[in-house]
Amino acid sequence: TYYRHHRYIPHFYRYREHQNTNPHPHPNTENLLPEVSNRVPNVAAQPGVPTYPRIPEVFHPAPRALPPIPEAFHPVPEVVHPAPESYRRHAEVYRPVPRAPSPGNMSRIFYGIMFDAGSTGTRIHIYKFIQKDPVELPVLDNEMYHAVKPGLSAYKDNIEEGGNTVRQLLKIAKKTIPEDDWNRTPVVLKATAGLRLLPEEKASALLKEVQEVFDESPFYVPQNSVSIMNGINEGVLAWVTVNFLTGHLYSNTRRTVGILDLGGGSTQITFLPKSKKTIDAAPSSYIARFNLFNSTYQLYTHSYLGNGLYAARLATLGALGADGLEWKIFRSSCLPKKFREDVSFGGTTYKVSGIPDGYAGYKLCYYEVMKVIKGIVHQPYEVKGSSIFYAFSYYFDRAVESGLIEPGRGGAIEVRDFKKRAKEVCNKMTKYRAISPFLCMDMTYITCLLKEGFGFKDNTVLQLAKKVNNVETSWALGATFDYFRNFNIH
Ligand SMILES: O=c1ccn([C@@H]2O[C@H](COP(=O)(O)OP(=O)(O)O)[C@@H](O)[C@H]2O)c(=O)[nH]1
């Protein structure tokens with residue numbers, strides 16, 4: 001458990017109004033996401049209506065006139081295609097109990113609890129926000145983070161124990177958040193690939209158990225606070241987090257950064273296309289439209305279920321969905337020849353080994369992992385260009401393990417660095433055996449995913465980051481923003 005002290009001003013909570021010069025552009029306008037000048041609204045100040053500072057425009061809003069939103073901020077990344085999640089349909093507005101400000105101190109403190117129920121672990125993020133006064137907007141003060149392993153899906157046959165992992169993590173929230181704030185602090189859990197990969201009745205039973213744990217907790221439980229998040233929101237919300245933390249959402253530049261997330265069960269690629277060609281060439285389900293600060297964004301995003309690192313290991317071994325798990329041994333030339341072990345993923349155990357009397361090494365391994373990449377059929381045109389991508393989660397972890405980057409620092413590397421290091425690890429398996437017997441397979445898979453899957457060039461630069469500005473690079477912060485309108489005090 002640790003705190004990340006952090007002071008951050010989420011500028012995009014600030015109200016702004018677009019002066020859109022062309023409210024009815026041609027639908028096929030070449031530049032889909034033009035720059036919009038950020039003119040100060042030409043409206044005389046009204047008594048009782050707060051005025052807001054001029055802030056830099058979010059670049060690339062769609063050329064559409066959007067009705068002004070009466071709230072001071074509206075950072076809800078509503079994905080409108082495909083259908084939004086059910087909790088959005090039943091959106092409720094939570095009104096915090098107003099508390100008399102203490103004399104001389106107008107600060108209000110708010111917390112938000114977001115659980116990330118991933119396939120390899122369950123994590124709690126407790127965000128603390130400070131609102132200095134009713135007109136100024138909240139500041140993200142710090143994040144408290146704790147993770148437990150394995151993930152919820154490993155408790156598919158022991159639901160109660162699964163609920164207990166969440167109960168344990170909630171104890172940390174109780175210790176972190178002052179008691180007076182409990183009943184106005186929203187608690188939300190979103191599950192990703194681990195639960196998506198389970199049979200529906202098992203996943204529902206786990207979610208029901210978590211719902212009961214939440215209901216017995218002293219925190220504020222919004223409607224539909226326990227759900228499986230769809231892959232689109234997973235990609236979009238991580239993009240929002242990273243671009244928020246890197247300052248791209250409110251900067252005056254025309255750049256944003258793309259994101260590459262490699263989980264245990266699924267992998268996401270998300271970026272804001274620069275060219276209409278990219279959008280036209282993409283399958284329509286890969287384009288997500290959402291509203292953020294009065295602007296509509298269109299992102300290229302896709303989550304490949306089964307292409308997360310742990311799922312890919314099993315697929316490489318031919319173990320995913322196989323029968324005879326009690327007696328079959330799944331072999332691979334990506335593993336050290338003498339290696340033999342039982343591995344568990346999603347609550348199932350598999351016997352795996354190297355090929356004792358065969359060959360091992362990069363080339364054979366590359367050939368094996370290629371089978372798993374075949375599902376990634378769409379290579380977006382723009383990844384051939386010079387766009388910057390932030391890569392985190394297991395991209396980061398494996399880059400650290402293989403010595404490509406320093407654990408505390410992260411840094412920029414090229415796609416070819418992964419390839420070079422994969423070759424080295426695979427061709428000297430004994431040397432890297434102690435770090436992880438799977439390192440050759442993982443590094444080869446990452447190389448293959450980036451090159452053959454998404455179509456990145458050898459010289460594409462990836463920015464590896466576990467944290468940006470001291471906050472975890474994960475969809476959790478983006479997802480928490482969704483609940484800020486509940487704290488809207490205007
Ligand atoms: O706030 C977070 C959330 C995840 N992770 C990392 O992301 C990967 C986990 O992916 P997970 O198994 O949750 O992925 P999924 O179930 O979505 O495929 C691991 O490296 C975690 O350590 C992290 O570092 N911080």
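User: How many residues of strand S7 (residues 258-262) are buried, and why is the strand called largely enclosed?
Analyst: This is a predicted model, in which local features need pLDDT of at least 70 and side-chain atom pairs count only at pLDDT 80 or more, while totals for chains, interfaces and linings use all residues. Residues are numbered from 1 along each chain as its sequence is written. A residue is buried if 20 or more other C-beta atoms, placed from the backbone, lie within 10 Å of its own, exposed if 12 or fewer, and partly exposed in between; strands (E, at least two residues) and helices (H or I, at least four) are DSSP runs numbered from the N terminus. Strand S7 is largely enclosed by the rest of the structure because the buried residues number 5 of the 5.

User: Which residues of S7 lie on each of its two faces?
Analyst: In a regular strand the side chains alternate between the two faces of the sheet.

User: Which residue of strand S14 (residues 389-393) stands opposite aspartate 261?
Analyst: Two strands pair if DSSP finds at least two bridges between them, and S7 and S14 pair in the parallel sense over 5 bridges. Within S14, the residue opposite aspartate 261 is phenylalanine 392.

User: Which residue of strand S8 (residues 266-271) stands opposite aspartate 261?
Analyst: A hairpin joins S7 to S8 through 3 residues, and the two strands pair in the antiparallel sense over 4 bridges. S8 is mostly covered, with 6 of its 6 residues buried; Ser266, Gln268 and Thr270 point one way from it, and Thr267, Ile269 and Phe271 the other way. The residue of S8 that stands opposite aspartate 261 is glutamine 268.

User: Which strands stand at the edges of the open sheet of 3 strands?
Analyst: This open sheet has the order S11-S13-S12, with mixed pairing. Each edge strand has a single partner strand, so one side of each is left without a neighbour in the sheet, and these strands are S11 (329-331) and S12 (340-345).

User: Which residue of strand S13 (residues 348-353) stands opposite phenylalanine 330?
Analyst: S11 and S13 pair in the parallel sense over 3 bridges. Opposite phenylalanine 330, the residue in S13 is valine 352.

User: How far apart are the end C-alpha atoms of helix H12 (residues 439-453)?
Analyst: Of the 15 residues of H12, 13 are buried, so the helix is largely enclosed by the rest of the structure. The expected span of a helix is 1.5 Å times one less than its number of residues, so the 15 residues of H12 should span 21 Å. The distance between its end C-alpha atoms agrees with this, at 19 Å.
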